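Hi everyone, thanks for making time this morning. I'd like to walk you through one structure, so let me put it up on the screen.

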Amino acid sequence: MRGTAGTELDLAWVREQFPSLKLQVNGHTAAFLDGPAGTQVPRQAIDAVQNYFVTMNANTYGAFATSHRNDQMVLATRAAMADFFNCASEEVVFGQNMTTITFALARAIGRELNPGEEIVVTTLDHDANVAPWRALEEKGVVIRQVDIREADCTLDLDDLKRKITSRTKLVAVGYASNMVGTINPVAEITKLAHAAGALMFIDAVHFAPHGAIDVRALDCDFLVCSPYKFFGPHMGTLFAKREHLQKFKPYKVRPATNVPPESWETGTQVQELIAGIGAAVDYLAELGHRCDPSAKNRREALLAAYRATHRHETDLLTRLLDGLQSIPGIRIFGITDPKKLHDRCSTVSFRLGDHHPAKIATFLGDRGIFTWDGNFYALNLSEQLGVEQHGGVLRVGLVHYNTAGEVDRLLAALREFAAM
Ligand SMILES: Cc1ncc(COP(=O)(O)O)c(C=O)c1O
């Protein structure tokens with residue numbers, strides 16, 4: 001991820017938008033370094049959910065005012081997500097979360113596959129981008145898993161090229177690893193998939209809070225991400241090329257529409273949270289307009305926001321990596337070379353001596369510093385790195401509302417823990 005010129009992030013304004021950042025724990029202001037498991041939510045999104053219940057709480061397509069408002073709101077949020085993905089509104093599907101969406105999509109794609117046809121997955125991915133495809137093994141579909149280079153937790157692209165064959169029908173790769181932060185060359189991998197006649201599915205759940213997504217530039221067939229990881233409510237969203245939403249057949253009830261994208265949205269949606277998604281995208285756009293007042297539309301504002309947040313996150317990441325490396329007994333997984341930081345995002349996992357990560361997370365949690373321990377469902381990776389049997393790793397996730405002061409607090413607490 002390479003930044004370009006633009007104004008600085010107004011961190012004071014950013015933090016003012018997130019009421020939860022003021023929470024106190026045991027006399028400490030909470031430091032939310034748990035973003036990879038779900039980010040905090042700006043008041044714009046909180047207000048939108050409340051406003052939904054007060055002014056438009058109704059099911060879809062009724063002949064009365066609240067239902068009309070609900071329908072308008074869903075259309076507006078689809079347009080917001082279309083700007084977020086850089087696609088058409090009709091290519092945006094809402095769902096419960098990424099995992100549920102991916103299982104549903106895999107089942108629909110699986111209807112068209114024959115025994116012996118192949119799907120490529122990776123060792124780096126969250127299991128939600130592995131298990132739904134592995135479920136198709138029941139139909140005789142063959143799953144090929146791409147290795148990683150353990151030294152820096154990057155994908156082994158030579159192995160990937162070997163595993164994509166003329167039998168490959170779909171390649172499922174994560175945009176960024178939720179455990180070690182590696183950003184994969186998804187545009188290049190999409191070209192490899194397409195050259196073999198395969199579809200490209202990208203899990204952008206972990207990337208979405210860190211970088212702008214451009215499905216047109218990537219030319220991917222499918223891309224999923226979850227708004228609760230980019231400052232919105234607990235839901236999932238899918239981009240799919242229009243032609244695929246038409247061609248593949250979702251499992252659905254008969255009275256529900258056959259017209260995409262709604263044909264893919266099983267049952268009644270969590271409409272109030274859809275309202276929150278639109279507001280979360282608009283929060284990012286507002287941030288972008290503040291960073292670059294010349295941004296002409298929401299898409300340009302989103303790009304400006306990500307340019308500013310990326311610069312800030314890179315500063316925090318550098319501070320964190322430098323500080324961690326000065327603590328005796330630290331083993332960081334993933335890219336640490338300062339010249340290669342553009343190939344990773346600001347999510348850092350490590351072990352400290354033989355200490356169980358859960359013990360460290362509890363020590364930090366008691367001091368108001370929220371981190372995660374475990375495998376974060378990146379099970380293949382945790383096993384490959386040999387940490388699965390030992391409590392996994394401790395993960396620190398930095399997003400744009402985090403501060404240098406929080407990084408310093410974390411480092412001081414880790415030094416205190418290590419000295420005990
Ligand atoms: C990279 C990645 N993919 C997929 C998921 C699953 O997303 P969801 O919770 O929306 O099902 C997660 C959740 O942590 C994730 O980090």
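This is a predicted model: local features need pLDDT of at least 70, side-chain atom pairs count only at pLDDT 80 or more; totals for chains, interfaces and linings use all residues.

Around the ligand you'll find Asn97, Met98, Thr99, His126, Ala128 and Asn178, and then Asp203, Val205, His206, Ser226, Tyr228 and Lys229. Sorted by class, that shell has six polar, four nonpolar and two charged residues.

Which side chains bring an N or O atom to an oxygen atom of the ligand? One of them is Tyr228, where the distance is 2.4 Å. Ser226 has a side-chain N or O atom 2.7 Å from a ligand oxygen, and for Asn178 the corresponding distance is 3.4 Å. And how much of the ligand's accessible area does the protein cover? On its own the ligand has 390 Å² of accessible area, and the protein covers 90% of that.

Now let me turn to the helices. Please find α2, residues 43–55, and α10, residues 271–291. Their axes come within 7 Å and cross at roughly 150°, and the crossing of α2 past α10 is right-handed. On the α2 side, the contact is made by Gln44, Ala45, Ala48, Val49, Tyr52 and Phe53. On the α10 side, the residues are Gln271, Glu272, Leu273, Ala275, Gly276, Ala279, Ala280, Tyr283 and Glu286. What does this contact look like by class? It has ten nonpolar residues, along with three polar and two charged ones.

Next, some backbone details for those of you who like to check the geometry. Where does the chain have a cis peptide bond? It joins Pro260 and Pro261, with omega at about 5°. If you want to find the spot on the screen, Pro261 is in the loop between α9, which spans 242–247, and α10.

My last stop is Asp219, which is not a glycine and yet has a positive phi, about 65°. To locate Asp219, look in the loop that runs between α8, at 215–218, and β11, at 222–225.

Definitions and conventions
Residues are numbered from 1 along each chain as its sequence is written. Side-chain values use heavy atoms; hydrogens and water are left out. Axes are lines fitted to C-alpha atoms, for helices over the stretch in contact, and angles run from 0 to 180 degrees between N-to-C directions. Helices (H or I, at least four residues) and strands (E, at least two) are DSSP runs, numbered from the N terminus. A crossing is left-handed if the near helix is turned anticlockwise from the far one by less than a right angle, and right-handed if clockwise. Contact means heavy atoms within 4.5 Å. Ala, Val, Leu, Ile, Met, Phe, Trp, Tyr, Cys and Pro count as nonpolar, Asp, Glu, Lys and Arg as charged, and the others, Gly among them, as polar. A residue is near a molecule or strand if one of its heavy atoms lies within 4 Å of it. A polar contact is a pair of N or O atoms within 3.5 Å; within protein, one must be able to donate a hydrogen and the other to accept it, and residues adjacent in sequence count only if both atoms are side-chain atoms. Accessible areas come from the Shrake-Rupley method with a 1.4 Å probe; for residues, only the protein chains shown count as cover.
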